[in-house]
Amino acid sequence: MSSHYLQAELNRKEAISKMNTHVQSKWLRRLKRNKTLVSVEKMYIPFWCFDYYAEAHSVTEGMEGRIAIDPVNHIKAILPMEYPVQQAGETTFPSASKILSEKHAESAIYWELFSKEKKRHKIKVVIQDQWLVHVPYWIGYTKDRKQQYDIIAVDALNGKVDFPIKDTIFTYLKEAGA
């Protein structure tokens, strides 16, 4: 199976700005957990990517799409088919903790796209390809007044602080011995 990665849209300086804004937000200060950003690094998280074709009562002409699923916590992301994907080549990325089956992808697509479909018996999802894609995240390591450490993850594609991916990142950091 081929391995690919997505190019980061957000640079380090922009990521640090997003993290500092988050750390200094009012709701975090209300909890009296003044955190300080200690360091920042870019990390690529493996997702299983599935290209698919789907038909439903509401989509009679059918549609092609792409869904990426994190193998640790099954976080899903719909990716545009035209989004530029780079071939990994000699670059080393973390390996996926487990392989997801096509059945898992079909179920994820079914519920992600067609959860409101009334005529469920007319839904047809066909997986056309499966491959590994590494998604870039900026990881900020923080320390609070009690000397407790934590992380903030910023999606390097859209610049949003991503709370659900935090457990997945901890899993990969633990596997790497960090």
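This is a predicted model: local features need pLDDT of at least 70, side-chain atom pairs count only at pLDDT 80 or more; totals for chains, interfaces and linings use all residues.
**Exercise 1.** Work out which strands pair with strand 6, and in which sense.

*Solution.* 
- Step 1: Move on to strand 2 (residues 35-56), joined to strand 6 in the antiparallel sense by 20 bridges. Here C49 sits opposite W131.
- Step 2: Finish with strand 7 (residues 149-155), also antiparallel to strand 6, with 7 bridges.
- Step 3: Look at the hairpin of strand 6 and strand 7, where 4 residues lie between the strands and Q147 has a positive phi near 65°.

**Exercise 2.** Is strand 6 largely enclosed or largely open?

*Solution.* 
- Step 1: Take residues 124-144, the 21 residues of strand 6, and count those that are buried: there are 16.
- Step 2: Strand 6 is therefore largely enclosed by the rest of the structure.

**Exercise 3.** Find the aromatic pair in the structure and say what it ties together.

*Solution.* 
- Step 1: Searching the whole structure gives 1 aromatic pair. Its members are Y5 and Y44, with ring centres 6.0 Å apart and planes at 85°.
- Step 2: Planes over 60 degrees apart count as edge-to-face, and the pair of Y5 and Y44 is edge-to-face.
- Step 3: Because Y5 belongs to strand 1 and Y44 to strand 2, the contact ties together parts 39 residues apart in sequence.
- Step 4: Check burial against the cut-off of under 20% relative accessible area. Y5, at 16%, is buried, and Y44, at 15%, is buried too.

Notes
Residues are numbered from 1 along each chain as its sequence is written. Side-chain values use heavy atoms; hydrogens and water are left out. Buried means under 20% relative accessible area, exposed over 50%, partly exposed in between (1.4 Å probe, protein chains only). Helices (H or I, at least four residues) and strands (E, at least two) are DSSP runs, numbered from the N terminus. Two strands pair if DSSP finds at least two bridges between them. Rings of Phe, Tyr and Trp (its six-membered ring) pair if their centres lie within 6.5 Å; planes under 30 degrees apart count as stacked, over 60 as edge-to-face and the rest as tilted.
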